[in-house]
Amino acid sequence: MSHKVVLIPGDGIGPEVAHAARRILDAAAAPLEWIERHAGIAALQRGFKDVLPQETVDEVEQCGVALKGPCTTPVGGGFSSVNVAMRKRLNLYGAVRPVRSLAGVPTRFEGVDLVVVRENTEGLYAGIENEITRGVVTSLKVATEEACTRIAHFAFRYAVARGRKRVTVFHKANIMKLSDGLMLRCSKTVHDNWYPQIVYDELIIDAACMRLVQDPTRFDVIMMENLYGDVISDLCAGLVGGLGVVPGANIGEHTSVFEAVHGSAPDIAGKGLANPLAIVMSSVMMLNHLAETRGDEACKKAANKVRDAYNRALLDGCKTRDLGGELGTDQFADEIIARF
Ligand code: NAI
């Protein structure tokens with residue numbers, strides 16, 4: 001059995017790290033059939049009129065699974081985020097970003113093992129902005145009972161499935177009483193009615209940030225709306241070694257897109273310096289997802305093989321520059337493959 005998977009290389013360092021991940025998965029004999037499609041500036045460069053071509057969306061919908069590199073979004077103008085658009089068009093409502101300390105990557109904290117669950121479809125990222133009159137702009141924050149309830153179920157279901165003990169909701173309902181208030185109300189209702197075995201708590205997000213940087217080992221699953229989730233994901237990455245080591249998944253009812261937390265890193269793009277580990281870890285999440293949803297043991301086996309190999313490579317001191325090493329993207333990929 002082989003599984004059709006869409007590979008979207010993306011922009012900047014995207015193609016470098018995405019192709020390194022593909023090479024590693026192929027060497028691990030992962031039962032995958034790759035279909036390459038494009039998004040972002042890479043799509044425009046290939047003659048598409050849209051940064052998110054319909055044929056890319058259709059292919060992802062048809063295959064049900066994609067591995068995606070980062071796509072560049074211009075700041076303060078130009079086209080809207082391809083990443084946000086893809087999550088909305090495919091209804092990939094739940095983002096999961098596991099943040100763990102890695103042996104061989106020394107950081108300020110040991111034993112960090114938390115999971116950021118981010119609502120992916122609304123909040124301030126609904127993208128409803130208006131210039132009312134010159135010099136006066138409004139951005140609309142959207143919260144619906146449906147999406148808040150859906151993400152709460154998602155986070156608690158995830159906690160139960162992974163043997164996690166606690167879900168903490170980060171919010172600012174003291175100021176945004178209606179929108180964040182709705183998120184809290186829905187989360188509490190879902191908890192009380194369906195998941196009483198999990199500990200539920202709430203933290204105001206500014207205090208939560210302070211506690212995270214003081215002692216992240218006290219957190220388990222943390223759940224929040226879209227914008228907070230975006231910011232907190234990068235903060236948490238910084239606690240365990242940076243953006244080069246934090247993977248992610250965007251999960252919907254029928255479709256899932258796996259991608260690293262990091263962006264297209266224009267400052268190092270095209271130089272072969274990027275750390276491919278975050279997208280490689282995302283591809284391990286993808287293999288585990290395929291194993292769980294399609295019952296294919298070969299995917300589980302390949303996932304374990306890749307994870308064991310990158311863990312050993314790190315312990316042996318193989319590192320890219322972001323982690324204080326000397327290796328380039330392809331060299332690090334070679335070191336992983338050499339440990340199969
Ligand atoms: P970024 O994550 O691309 O880079 C931040 C810093 O981390 C840079 O110094 C970069 O060199 C470093 N970095 C990131 N990934 C790395 C890796 N794998 N190995 C080594 N170093 C790495 O964030 P930035 O600069 O804010 O955004 C750049 C572009 O990426 C923007 O256009 C942004 O919109 C886009 N972006 C796309 C995302 C996605 O496709 N999911 C997510 C975040 C940003």
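**View 1. Helix 7 against helix 8.** In this predicted model, Ile205, Cys209, Leu212 and Val213 of helix 7 meet Tyr228, Ile232, Leu235, Cys236 and Leu239 of helix 8; contact means heavy atoms within 4.5 Å. Helices are DSSP runs (H or I, at least four residues), and they are numbered from the N terminus. The residues of this contact divide into nine nonpolar, no polar and no charged. Ala, Val, Leu, Ile, Met, Phe, Trp, Tyr, Cys and Pro count as nonpolar, Asp, Glu, Lys and Arg as charged, and the others, Gly among them, as polar. Helix 7 (residues 205-214) and helix 8 (residues 226-239) pack at an angle of about 15°, with their axes 10 Å apart. Helix 7 is therefore roughly parallel to helix 8. Angles under 35 degrees count as roughly parallel, over 145 as roughly antiparallel, 65 to 115 as roughly perpendicular and the rest as oblique. Axes are lines fitted to C-alpha atoms over the stretch in contact, and angles run from 0 to 180 degrees between N-to-C directions.

Residues are numbered from 1 along each chain as its sequence is written. Because the model is predicted, local features need pLDDT of at least 70 and side-chain atom pairs count only at pLDDT 80 or more, while totals for chains, interfaces and linings use all residues; side-chain values use heavy atoms, leaving out hydrogens and water.

**View 2. Helix 5 against helix 6.** The axes of helix 5 (residues 145-161) and helix 6 (residues 179-194) come within 8 Å and cross at roughly 45°. The two helices, helix 5 and helix 6, are therefore oblique to each other. From helix 5, the residues in contact include Glu145, His153 and Phe156, and from helix 6 they include Leu182, His191 and Trp194. By class, this contact of helix 5 with helix 6 has nine nonpolar, four polar and one charged residues.

**View 3. Helix 1 against helix 9.** Helix 1 (residues 14-27) packs on helix 9 (residues 277-294) at an angle of about 50°, and their axes are 9 Å apart. That makes helix 1 oblique to helix 9. Val17, Ala18, Ala21, Ile24 and Leu25 of helix 1 make the contact with Ile279, Val280, Ser283, Met286 and Leu287 of helix 9.

**View 4. Surroundings of the ligand.** The ligand is surrounded by 21 residues, the closest being Thr73, Gly263, Ala265, Asp267 and Asn275; a residue is near if one of its heavy atoms lies within 4 Å. A polar side-chain atom of Asp267 is 2.8 Å from an oxygen atom of the ligand. A polar backbone atom of Cys71 lies 2.9 Å from an oxygen atom of the ligand.

How values were computed. Polar contact = N/O pair within 3.5 Å; in protein donor to acceptor, adjacent residues only side chain to side chain.
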